[in-house]
Each structure stands twice: as structure tokens, then as C-alpha cells.
Amino acid sequence: MRNVLKVKGQRPSVEPKARHRPKEKGHKPKLDPQTKQRPQATGAAFLWFSSRLGHLIAGVSGVCIEQSTLFGMKIQILTIFPEFCEAVLGSSILGRARKSGVVQADAVDLRQWASGKHRTTDDAPYGGGPGMLMKIEPIHNALAELKTSTTRVVMMSPQGRPFTQKTAERLAGEEHLIFVCGHYEGVDQRVADHLVDEEISIGDYVLTNGALAALVVTDAVLRLLPGVLGHEESALGESFSTGKLDHPHYTRPEVFQDWRVPEVLLSGDHGAIARWRAAEAERLTRERRPDLLDAPPSTEKPTV
Ligand code: JF5
């Protein structure tokens, strides 16, 4: 939905923060010395790109008349548990981002494409063994209907490539994502082989429901988009973007029971504070995640 979210003659979908609004100064028209009236059509028009929000905003005399979202994203989670996903997508920060129109994120009920009286989406495995597998036909039919020329189809499963912050950054550049969520004992292998663009794992453990993994990825991707967190400075350059664990943070009170905030943070010496934070990040990473320190720079590439 790149560049399609246009609002005309109404409130912009995301109200720009006051400090980011174009300066009103110079937009107040002086009275015409002859007619003693405000001159007609002298309201200064502006076209303004907010890199913070990823919005192109047009208006006259400080009044926004049109705004288009240059970055925006559509995510569809294809699942037999749509209500489960809706509960997460409708809450908190994701719920707010959704209402603001910055992102479109929805759960889509796979059963719509299941045939037969019982609308079955699963069946027993060839070769025997316990449990049920997800069938290919409903997934195929759903994707045939939902995919556009710009869709990237992602399947969540423990067999996928590991999900990292790098993956989140790459997916945040996509326009339309569809997550195929496996569950039971798995999914007919032909789905991964022929219907999806990539298979992603959120970690070395098994969930009952791939939608849970898709929601994790959705959250990590959406928080990178302009206008979702409302403080974009912090989304990049944070832990993992730096390749290390984050340093500890403290807020008031200065002493709780007998636990003190490290003295250096109260010193006002910004150089010393920056050095302390860097040293703490290094120490924590060496202690808990040495793998991050000797890891070569990520070579992650999209797998087409
Ligand atoms: C699933 C077969 C999908 O368990 C997961 C998962 C773990 N890491 N990433 C995803 O997804 C559910 C289970 C079994 C396919």
C-alpha cells in the first residue's frame, strides 16, 4: 500500500507532532494597503516530507489538506486461529498503529479456502507417524487470491532460517507480507517448496501454533516503520543494530531499598556516561552472548 493512503480534506491519518509542523511564521498574510482586506489566495502552500513519519504532507497556510503515506505496509497472517491473532494485533502499540492507518495488519481465516462440510485444513501424513499435517490446497487457494505482484510470502516453522533483527529490517522494506502459519506436526513440504518465498524460525523450540511466531515477527517488523513507535530515533542504533546487548538502564528513585543507581549516571559527565554504557554493553555481551562478539558481519540475503 505504498503511497496509497491519501487523506483529503480531513484529519491526516497521523497527526504530525507540533514541533514537526511547518513553521507558521511568514504564512500570515498582511492586509492589502488599498483594499484593507486580506489578499486572496496568498496562503503559502507547502509540500513537506516528514522523514520521521514517512509522510508527504501538502497544505496551505499551515493547514494540512493532503497527506500520503510513503511508507506503509500490509501484513496478512494466514491462520486457522484468526481471533487469537486479532487479540494481539488490536492491542497496545500495534492496535494504535493500525488505527492510525500507518499499517494494515490482519489475520485471515484459512478455513475460508478449505473445502468440504468440515472445512478441513489438515490430514494424516503419508508414510505413517503421529499427528496431522496441514494440507496444501487451502494454503494454495488462499495465496492465489491474496497475493499481488509485490507480495512476499513467509512461512513460520522451526525448519526455517533464524529470525534476527537483520531479518526484521529487511522485511520492513517490503510492501506486502503474508505469513503462512504451520501447526500440528507441520505442513505438507510442497508448501515450502513451491508456494512460499522464505521459511523463517524464531528459535530452536517447537510451538503449538505458527501464528504465535508470525506475531513475533510482525511486532519486530512493524515497530521499525515510521509512525509506529512515535520516537523513530530509538528504533535503529539500539541493541542488536549495534551488534551487542544493550547496556543497563535506570530511572527514579535514586535509591530503592539499598540498591543504588550507578553514580556515573548521576554525574552529568556525558563522556563518562557514554564510556560506562559502552563498557557495560561489552561486558554483558562477553558474559552472556560471546557469539555476538566474534560473529562476522551478517551476510543475510533475501532467499528468492
Ligand atoms: C510450527 C511445524 C510450524 O514452532 C514453530 C516455530 C518455532 N520457531 N519458529 C517457528 O512454529 C509452529 C510447528 C510445527 C510448523
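1. The accessible surface of the protein chain comes to about 18200 Å², and 55% of that belongs to carbon and sulfur atoms. Accessible areas here come from the Shrake-Rupley method with a 1.4 Å probe, and for residues only the protein chains shown count as cover. Please keep in mind that this is a predicted model: local features need pLDDT of at least 70, side-chain atom pairs count only at pLDDT 80 or more, and totals for chains, interfaces and linings use all residues. Residues are numbered from 1 along each chain as its sequence is written, and side-chain values use heavy atoms, with hydrogens and water left out.

2. Of the 304 residues in the protein chain, 39% are buried (buried means under 20% relative accessible area, exposed over 50%, partly exposed in between, with a 1.4 Å probe and protein chains only). The secondary structure comes to eight helices and 14 strands; these are DSSP runs, numbered from the N terminus, with helices being H or I of at least four residues and strands E of at least two. Among contacts (heavy atoms within 4.5 Å) between residues at least 6 apart in sequence, 69% join residues at least 24 apart.

3. Spanning residues 136–146, H3 has Pro138, Ile139, Ala142, Leu143 and Leu146 buried. They sit on the same side of H3 because they cover an arc of only 125° around the axis, where the arc is that of the directions from the helix axis to the C-beta atoms. An α-helix has 3.6 residues a turn, so residues three or four places apart point the same way. Exposed Ala144 and Glu145 lie on the face of H3 turned away from its buried side.

4. Which residues form a nonpolar patch on the surface? They are Phe84, Tyr205, Leu207 and Leu212, with about 330 Å² of accessible area together. Phe84 belongs to helix H1 (residues 82–89) and is partly exposed, at a relative accessible area of 35%.

5. Now for the cysteines. The structure holds zero disulfides, a disulfide being a pair of cysteine sulfur atoms within 2.5 Å. For the sulfur of Cys85, the closest cysteine sulfur is in Cys181, 5.9 Å away and too far for a bond. Cys85 is buried at 0% relative accessibility, and Cys181 is buried with a relative accessible area of 3%.

6. Last, Thr285 in helix H7 (residues 270–288). Thr285 is buried, with a relative accessible area of 0%. Leaving aside neighbours within four places in sequence, Thr285 is in contact with Lys244, Leu245, Pro290, Leu292 and Leu293.

Notes:
Patch = residues over 30% accessible without salt bridge, like charges linked within 9 Å, V, L, I, M, F, W, Y side chains within 5 Å. Salt bridge = Lys/Arg side-chain N within 4 Å of Asp/Glu carboxyl O.
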